Amino acid sequence: MSMDNRRIPIEERLNSNAWDVSQRPHIRIIDPDKCRKCEAKPCTHLCPARCYTLSPDGTVLFSHEGCLECGTCRIVCPHNAIEWTYPRSGYGVQYRFG
């Protein structure tokens, strides 16, 4: 089977991208208390890069380094607790695979 015809898992596609990460995050959780009170925590389920995870105590942990810059997190947050802007010029994800 040629490379063009096989199904490539999302993890493999993400590994082919490159990131130039700024020390100044382009996403931040505005109010962590809102995240603690959120029962659904959709950001942990819907972020395609899995930037949001749950700690054992139920706190939402966030890492901007692998962000795909899709903005899903700010759209699905029911409490508007996420501030999302584009990264500074020259920083962020560089897509290398279709």
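Predicted model: local features only at pLDDT ≥ 70, side-chain atom pairs only at ≥ 80, totals over all residues.
Cysteine pairing was examined first. A disulfide is a covalent bond between the sulfur atoms of two cysteines. The count of disulfides in the model is zero. C67 takes part in no disulfide; the nearest cysteine sulfur, that of C51, lies 5.1 Å away. C67 is buried, and its relative accessible area is 7%.

C77 was considered next. The closest cysteine sulfur to that of C77 belongs to C35. The two sulfur atoms are 6.0 Å apart, and therefore too far from each other for a bond. C77 is buried, with a relative accessible area of 12%.

The backbone was then inspected for positive phi angles. K41 is not a glycine, yet its phi is positive, at about 45°. K41 sits in the loop between α2 and α3. Helix α2 spans 32–37, and α3 spans 42–46. Despite its place in a loop, K41 is buried, with a relative accessible area of 10%.

N80 also has a positive phi, of about 50°, and is not a glycine. N80 lies in the loop that runs between α4 (72–76) and strand β5 (82–84). N80 is exposed, and its relative accessible area is 58%.

Key:
Residues numbered from 1 in each chain as written. Heavy atoms only, no water. Disulfide = S-S within 2.5 Å. Buried < 20%, exposed > 50% of the residue type's maximum accessible area, 1.4 Å probe, protein only. Helix = DSSP H or I, 4+ residues; strand = E, 2+ residues; numbered from the N terminus.
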